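This report describes selected contacts within one protein chain.

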Amino acid sequence: MKIAVFNDYRVGLVEGDSIYDVTSAIPGAAPAWPAIFMTRAIADWQSLRPRVLEARSSAAPVPLSSVRLLPPNPCPIQVVAAPANYRKHIAEMGAMAVTKKGRSAREQGFFMKSTASLTGPARGIELPRSATRRFDHESELAVIIGKTCRNVPREQALDAVFGYSCLIDVTMRIEKDVAEEERVMRKSFETFTPLGPWITTADEIADPQQLSNQLFVNGELRQDANTRDMIVGVAELIELVSSVMTLYPGDVIATGTPEGIGPIRPGDKVSIRIDQVGQMEVDVREAAAGTPFGFELAAR
Ligand code: MN
């Protein structure tokens, strides 16, 4: 099942090039703030499922291209992220000398992205106006948690997964000769976490560690990896995060990027494609607002 949120916070099931509106089966789906209805719906999915399928059977197909896709969980409680997490990428970052010696989540743990940085295909990515720093794409498999869980052993961790989605972890890079800003801030600008285009439920993914993960910029392949090359897999990440804090239904875990990160600029079209999960295209624009902090390149 592919579950999308679209237009004015409506909920739909995606089949091929069509979307079927099942909003009537989702309690609280409405444009009111905060849009926590998907967090609740994911928590209650087993009991909602028959009603969702009933709504699907009486819905008319609408062309997917005619709707505005929002993040498939617009308001999760937490967005957790792993650092660089594929074997080759660690080497690349080490060579660029911009990570702390290329350590994985197993050594340095995880970080948070602002929930308010989520965006979907309808809005896309907005880079802060007038900033001259480098902003990069990171192509990541997103895990959507399905159950409240704490201290989950990795052997049981995949039972806590509701589904998977595509996530671009947009990042303001550290520059040499510029003080190293907090990672949370560099990754939490508004719209710096495109998520979507839908959630593919876990029953459709035979093995999350056997998925190709690709990202294109203006049609050019920039990242091309497979989740089998993850250093810390999905189950171990859930074990790690849940050993520190409670994970809640609807929470998002960005599982870390492979090699091939690179800059994005206003006017670019970024497309992420994860095998069996989906493909999401987002436009890059300049934000209406600049930032008083400048985020300028050092003089060279
Ligand atoms: Mn990342």
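Glu15 is partly exposed, with a relative accessible area of 36%; here buried means under 20% relative accessible area, exposed over 50%, and partly exposed in between, with a 1.4 Å probe and protein chains only. The side chain of Glu15 meets that of Arg56 in a salt bridge, at 2.6 Å from N to O. A salt bridge is defined as a side-chain nitrogen of Lys or Arg within 4 Å of a carboxyl oxygen of Asp or Glu. This pair links distant parts of the chain, with Arg56 in helix 2 (residues 45-58) and Glu15 in strand 2 (residues 10-15), 41 residues apart. Helices (H or I, at least four residues) and strands (E, at least two) are DSSP runs, numbered from the N terminus.

The model is predicted: local features need pLDDT of at least 70, side-chain atom pairs count only at pLDDT 80 or more, and totals for chains, interfaces and linings use all residues. Residues are numbered from 1 along each chain as its sequence is written, and side-chain values use heavy atoms, with hydrogens and water left out.

**Salt bridges**

Side chains of opposite charge can pair when their charged atoms come close. A search of the whole structure finds 19 salt bridges. The table lists some of them.

| Lys2 | Glu204 | 3.0 Å |

Arg154 is partly exposed, with a relative accessible area of 38%, whereas Glu236 is buried, at 14%. Elsewhere, salt bridges that share partners join Lys113, Arg134, Asp136, Glu138, Asp169, Arg173 and Lys187 into one network.

**Helix 7**

Glu236 is one of the buried residues of helix 7 (residues 234-244), together with Val234, Ala235, Leu237, Ile238, Val241 and Ser242. Among their partners are the strands 6 (79-81), 11 (139-145), 12 (161-168) and 17 (252-254). Helix 4 (105-108) and helix 5 (154-157) are also packed against by these buried residues.

**The domain interface**

The domain assignment of the chain gives domain 1 (2-67) and domain 2 (79-299), with bounds that come from an automatic or database assignment. Taken over C-alpha atoms, the centres of the two domains are separated by 25 Å. Nine residues of domain 1 are in contact with 14 residues of domain 2.

The size of an interface is often given as the accessible area lost when the parts come together. Domain 1 and domain 2 bury about 910 Å² between them, 69% of it on carbon and sulfur atoms; buried area is the accessible area (1.4 Å probe) that two parts lose on being put together, summed over both. Lys2, Ile3 and Ile42 supply 64% of the area that domain 1 buries against domain 2, more than any other three residues.

The count between the domains is one salt bridge. On the side of domain 1 that touches domain 2, strand 1 (2-6) and helix 1 (37-43) each supply at least two residues.

Thr119 lies in strand 8 (residues 118-119) and counts as buried at 3% relative accessibility. Its side chain reaches the backbone oxygen of Gly124 at 3.0 Å. Not counting residues up to four places away in sequence, Thr119 touches Pro71, Gly124, Thr191, Thr193, Pro194 and Leu195.

Pro31 is found in the loop between strand 3 (18-21) and helix 1. This proline is partly exposed, with a relative accessible area of 48%. Leaving aside neighbours within four places in sequence, Pro31 is in contact with Asp8 and Tyr9. The C-alpha atoms of Pro31 and Asn7, 24 residues apart along the chain, are separated by 9.4 Å.

Conventions
Contact means heavy atoms within 4.5 Å. A polar contact is a pair of N or O atoms within 3.5 Å; within protein, one must be able to donate a hydrogen and the other to accept it, and residues adjacent in sequence count only if both atoms are side-chain atoms.
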